[in-house]
Amino acid sequence: MWSDNTFKKTLESITGDVVLSQGVYGFKPVIDDFGNAKYINIVTYNIKSYEDSELLSMIKSIPLDVPVNLVLNIPKKSLGTPDASKQVYWYLKTLERHKFNDLNIFFNFSNHAKLIMTNNKAYIGSQNFSDTSTNKLELGIIVDNVNNVDRINRMIFETIKYNSIRYATSDYVIKMEEIHEVMKGLLKNLRYNLFTVVVDSPYTAEIEIFDINQVHFPNEEWSRFKDLEESLFIIINDISENYEEFFDNTKAKSLRVELKNQLDLFISKLDNFREYIDSYDRRFMDRLYNIETGDTDSTMNAVLIELEDEKESYFDHLNGEELLEIFDQIAPIIESILDLVEEIKYAMLRNTVYENQKKVKN
């Protein structure tokens, strides 16, 4: 939840159509776009907590390949009555995830914002995503510029979601988050640190080279890289066990061997060099101490030259083109592994995971 009671985020230069409505949904243009949506994001204070809700029936009909993210509050009038627990029970029962497809439910107990959007259109205004909201005079704005809609999604909706409690989602979302946490830009960051980009003069084309004098080993990422196969397959094995009848475990095992071999090959080429780089400062100080002559500058230069010559003699054989070729074969193997997960996505979407139940229900 919000870290304090003071918070403000401003998006400048957002334009749209102002909608004043009563007796109808002011966000109807967004509803009409549900059939074209890649995702649907809804922020509302409340919903109509009954099975005959027209709006929730629309959400139930959204295809499995379109994620719906719903952020809402529990009305304080429900929490403040003697019958509060029963009302909250029915409120949550309405949102039982097995009644929907790819629905992800979040609660934010300070929320009073209203935002209904797809990747194409957004409604920002006073009207809740509730059947009963048409009883009152409501005012809002419809934004249909896709660039502005994207900004609203990234800077407004994602901020609200981040500061909310996730109540229910799918096993697919959970597992993909775990995989994302394991990867976390790992290959991209390592490539950036290990290979130097230079301009192929006199042309402007950029090429990557492996320069033993420029390479940088980020220790945390290198450690994660060395554990990548094991970390990734802890998650994959769990998927395999839970979805045995759907998951191609034979192919997964084959890809695991392929990934391990490729990782081991790349690591074996560079691990000794990484250890040498890590020990460089210690080597320098040890040799400086052993050959101290009184002329500090002269001694330091001599040690530096000696270490540089030593580094070249040990590691000048490292071939940048070969290293790049090996490294470039790692990502496609991981993509093939993830493709196996995508093949059983719908089965995983059907498996609901509930989080923070006690906090929400209390």
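Author: Two residues are in contact when heavy atoms of one lie within 4.5 Å of heavy atoms of the other. The model discussed here is predicted.

Reader: With that definition, which residues of H10 meet which residues of H13?

Author: From H10 come Gln262, Leu265, Phe266, Lys269 and Leu270, and they meet Glu322, Leu323, Ile326 and Phe327 of H13. By class, the residues of this contact divide into 6 nonpolar, 1 polar and 2 charged.

Reader: How is the packing of H10 and H13 to be read, and at what angle do they pack?

Author: Two packed helices are described by the angle between their axes and by the distance between those axes. Here helix H10, residues 249-278, packs with helix H13, residues 320-328, at an angle of about 150°, and the axes are 9 Å apart. Angles over 145 degrees count as roughly antiparallel; H10 and H13 are therefore roughly antiparallel to each other. Their crossing is left-handed.

Reader: At what angle do the axes of H6 and H9 cross?

Author: The axes of H6 and H9 cross at roughly 175° and come within 10 Å. This pair is therefore also described as roughly antiparallel. On the H6 side the contact is made by Lys175, Glu178, Ile179, Val182 and Met183, and on the H9 side by Leu228, Ser231, Leu232, Ile235, Ile236, Asp238 and Ile239. The residues of the contact divide into 8 nonpolar, 1 polar and 3 charged.

Reader: Which residues touch the most other members of the largest nonpolar core?

Author: In soluble globular proteins, nonpolar side chains tend to be buried together. The largest nonpolar core of this model has 50 residues, and those touching the most other members are Phe225, Ile236, Phe266 and Leu270. Several helices supply at least two residues each, among them H6, H7, H8 and H9. The largest share, 9 residues, comes from H10. Phe266 and Leu270 of H10 also take part in the contact with H13, and Ile236 of H9 in the contact with H6.

Reader: Which residues does Leu270 touch, leaving aside those up to four places away in sequence?

Author: Leu270 touches Leu194, Phe210, Phe217, Trp222, Leu318 and Leu323. A second, separate core of 32 residues includes Leu92, Tyr123, Ile142 and Ala168.

Reader: Is His180 buried or exposed?

Author: A residue counts as exposed when its relative accessible area is over 50%. His180 has a value of 54%, which means that it is exposed. This residue lies in helix H6. From His180 to Leu232 the separation is 52 residues in sequence and 9.6 Å in space, C-alpha to C-alpha.

Reader: Which phi value does Ser13 have?

Author: Ser13 is not a glycine, yet its phi is positive, about 60°. Ser13 is placed in the segment before strand S1 and counts as exposed at 63% relative accessibility. Lys184 likewise has a positive phi, near 40°, in a residue other than glycine. Lys184 lies in the loop between H6 and H7, and at 46% relative accessibility Lys184 counts as partly exposed.

Reader: How many helices and strands does the protein have, and what share of its residues counts as buried?

Author: The protein contains 16 helices and 11 strands. Of its 362 residues, 44% count as buried. Among contacts between residues at least 6 apart in sequence, 80% join residues at least 24 apart.

Note on methods. Residues numbered from 1 in each chain as written. Predicted model: local features only at pLDDT ≥ 70, side-chain atom pairs only at ≥ 80, totals over all residues. Heavy atoms only, no water. Axes fitted to C-alpha atoms, helices over the stretch in contact; angles between N-to-C directions. Helix = DSSP H or I, 4+ residues; strand = E, 2+ residues; numbered from the N terminus. Parallel < 35°, antiparallel > 145°, perpendicular 65-115°, else oblique. Left-handed = near helix turned anticlockwise from the far one by under 90°. Nonpolar A, V, L, I, M, F, W, Y, C, P; charged D, E, K, R; others polar. Core = buried A, V, L, I, M, F, W, Y, C linked by side-chain atoms within 4.5 Å. Buried < 20%, exposed > 50% of the residue type's maximum accessible area, 1.4 Å probe, protein only.
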